[in-house]
Amino acid sequence: MTHTEMTLNPHGFWKPGQQLPRTGKKAFSEALRNLWQPFYVVDVNGQTGVAQDGMATLGTNEQPPSNGYPLLGWSPSLDLASIGDPGFKSDHGLTFAYICGAMANGITSTAMVEAAGRAGMIGFFGAGGLPIEQIESAIDALQKNLGSIPYGFNLIHSPNDMALEQKTVDLYLAKEIRLVSASAYLDLTMPLVEYRIHGIHRNNQGKIVCPNRIIAKVSREEVARKFFAPPAEKHLRHLKELGKITDEQAELAHQIPMAQDLTAEADSGGHTDNRPALCLFPTMVVLRDEMARQHDYGIPLRVGLAGGIATPESAAAAFAMGAAYILTGSVNQSCVEADTSLLVKKMLAEARQADVIMAPAADMFELGVKVQVLKRGTMFSMRGSKLYDIYRTYDRFEDVPEDQRKLVEETFLKNTFEAEWETTRAFFSQRDPAQVDRVQKDPKHKMALVFRSYLGKASLWAKSGVPERAIDYQIWCGPAMGAFNEWIKGSFLEPPPNRKTVTVALNLLYGAAVISRLNGLKNQGIDLPVAPGMVSPITDAQISSFSRRDFTGGDGKVF
């Protein structure tokens with residue numbers, strides 16, 4: 001729409017307050033960034049002007065008063081806390097609809113979870129791959145430091161070690177961990193169902209109360225359907241037989257979803273199906289509505305989005321599609337609070353979008369499941385794929401051709417196969433003795449355990465920064481990392497030491513808000529003369545100034 005056409009059909013008129021309207025790119029850019037004030041587009045003698053105070057009168061055909069200007073478009077003030085689903089934020093006690101996702105081996109550290117929580121967001125400690133003792137230490141630390149501030153823990157599906165999954169649930173129940181992020185599930189398990197319905201009851205008003213909540217992270221519709229449904233009857237029956245729930249609790253469980261909140265996980269680091277977000281999210285929304293109609297829970301089901309969210313544009317797109325919240329992962333791994341090595345952070349900071357590749361997963365090796373990892377600077381994906389090819393082709397390591405055995409022992413394991421087996425056997429004798437017993441009957445399983453050991457150690461070498469093993473580093477990473485690096489290039493966020501989890505999150509939310517405001521004005525037919533770099537990274541102090549929230553102190557309260 002041309003300026004003349006808008007002038008002939010104004011939305012109303014605007015009367016100035018203390019300031020007259022301004023014109024030009026600088027004026028519009030400054031006003032767009034200033035979210036705490038409304039944004040008025042007015043006609044100034046045939047030019048497009050902008051104002052942020054005064055009073056607008058909408059929907060009138062009257063001529064503007066002598067000191068008034070035709071109103072061509074407008075946008076209300078925009079609080080960062082208003083972005084996302086209000087119910088999600090209210091239910092979880094959050095200011096912002098933002099999740100710092102769990103990265104295994106404690107890479108999403110207690111420091112990262114604490115920083116997110118104190119800023120009005122929520123973080124999930126990366127419990128996957130850690131022994132129970134380390135998970136318990138993390139629980140103790142967060143309960144002491146955060147108290148009632150929201151936080152959560154990861155519960156990852158462990159098909160090859162269901163005893164560990166059960167022990168993790170037992171720990172969460174004993175420590176009263178009320179929120180978990182369930183990830184990598186191909187189907188629901190007994191421990192997961194037990195966690196969800198433990199302590200379910202009716203309160204004095206007759207309302208069903210389920211103390212434990214799950215935020216499911218899924219990329220397949222068939223799995224999402226199970227999370228949006230009540231617990232399966234077979235699991236409830238088994239839990240009753242074990243005496244873990246009563247008949248009444250089983251009946252109440254039929255009336256709740258396994259998860260009220262579900263994260264549609266698109267093309268992400270680690271476990272992923274590489275689904276495109278623009279296709280996956282709408283599919284999950286349709287499924288959400290179907291399951292809501294079918295079960296009529298009396299509470300809303302919600303869908304958030306993860307995978308590829310690394311720039312203000314991608315965050316704005318997620319919220320524009322209706323995401324209840326956004327979840328980030330890969331970009332947080334290069335932040336100072338991430339519990340991984342400085343070398344890994346440097347490698348991630350140099351990554352581009354094409355520098356990722358799929359590789360065999362240590363926890364689901366025999367199933368052929370893959371994870372997305374960093375390709376640049378490491379040969380892990382190629383070596384992992386070679387090990388899987390050998391495993392799939394041969395029934396025992398002794399059957400492998402000599403040249404390939406030599407490659408595996410000298411280059412990959414840097415040890416003889418039998419010596420590596422002794423180390424692996426000692427580990428599983430403590431962790432899961434049934435795995436060792438199985439080897440006596442199945443030599444192929446022996447090969448699988450040794451190869452899984454290499455894959456698992458590769459992520460620990462990366463986390464610890466073992467220099468002589470840099471070529472073997474397994475670094476979970478999605479294409480979001482490359483997009484993030486392009487966006488922050490040349491800014492204060494480019495050096496890894498400046499990348500703080502909350503600063504990154506605030507820039508994503510703030511940039512998404514600016515883009516949403518800009519697009520709203522464009523949809524009114526307004527061609528705004530704005531300067532480039534509108535959503536380039538800015539400091540916490542600058543975001544505080546533009547949003548009237550105090551982020552320099554970390555809590556994001558309005559001032």
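Six strands make up an open sheet in the order 2-4-3-6-1-5, with antiparallel pairing; two strands count as paired if DSSP finds at least two bridges between them. Strand 2 (22–23) and strand 5 (55–58) sit at the edges with a single partner strand each, so one side of each is left without a neighbour in the sheet. Helices and strands here are DSSP runs (H or I of at least four residues for helices, E of at least two for strands), numbered from the N terminus. Keep in mind that this is a predicted model, where local features need pLDDT of at least 70 and side-chain atom pairs count only at pLDDT 80 or more, while totals for chains, interfaces and linings use all residues. Residues are numbered from 1 along each chain as its sequence is written, and side-chain values use heavy atoms, with hydrogens and water left out.

Now look at strand 3 (residues 39–44). Six of its six residues are buried, so strand 3 is largely enclosed by the rest of the structure. Buried means under 20% relative accessible area, exposed means over 50%, and partly exposed is in between (1.4 Å probe, protein chains only). Both faces of the strand are covered: Phe39, Val41 and Asp43 are buried on one side, and Tyr40, Val42 and Val44 on the other.

What about the neighbours of strand 3 in the sheet? Strand 6 (residues 69–75) runs antiparallel to strand 3 and is joined to it by four bridges. Among the partners across that pairing, Val42 goes with Leu71 and Tyr40 with Trp74. Strand 4 (residues 47–51) is also antiparallel to strand 3, this time with five bridges, and there Val42 stands opposite Gly49. Strands 3 and 4 form a hairpin with two residues between them, and Asn45 in the turn has a positive phi of about 50°.

Two helices pack over this part of the sheet. Helix 2 (residues 25–33) lies across strands 2, 3 and 4, at about 35° to strand 4. Helix 20 (residues 501–522) lies across strands 3 and 6, running at about 135° to strand 6. Contact means heavy atoms within 4.5 Å; the axes are lines fitted to C-alpha atoms, for helices over the stretch in contact, and angles run from 0 to 180 degrees between N-to-C directions.

On to the charged pairs. The whole structure holds 30 salt bridges, each a side-chain nitrogen of Lys or Arg within 4 Å of a carboxyl oxygen of Asp or Glu. One of them joins Asp472 and Arg383 at 2.7 Å, N to O. Asp472 lies in the loop between helix 18 (443–464) and helix 19 (480–488) and Arg383 in helix 14, so the pair ties together parts that are 89 residues apart in sequence. Are these two residues buried or exposed? Asp472 is buried at 0% relative accessibility, and Arg383 is buried at 10%.

Compare Lys175 and Glu136, whose side chains meet in a salt bridge at 3.7 Å, N to O. Lys175 is partly exposed at 23% relative accessibility, and Glu136 is partly exposed at 30%. A local pair turns up in helix 16 (residues 417–431), where Arg425 and Glu422 are three residues apart, or about one helical turn; their closest N and O atoms are 2.6 Å apart. Finally, Asp91, Asp261 and Arg302 are linked in a network of salt bridges.
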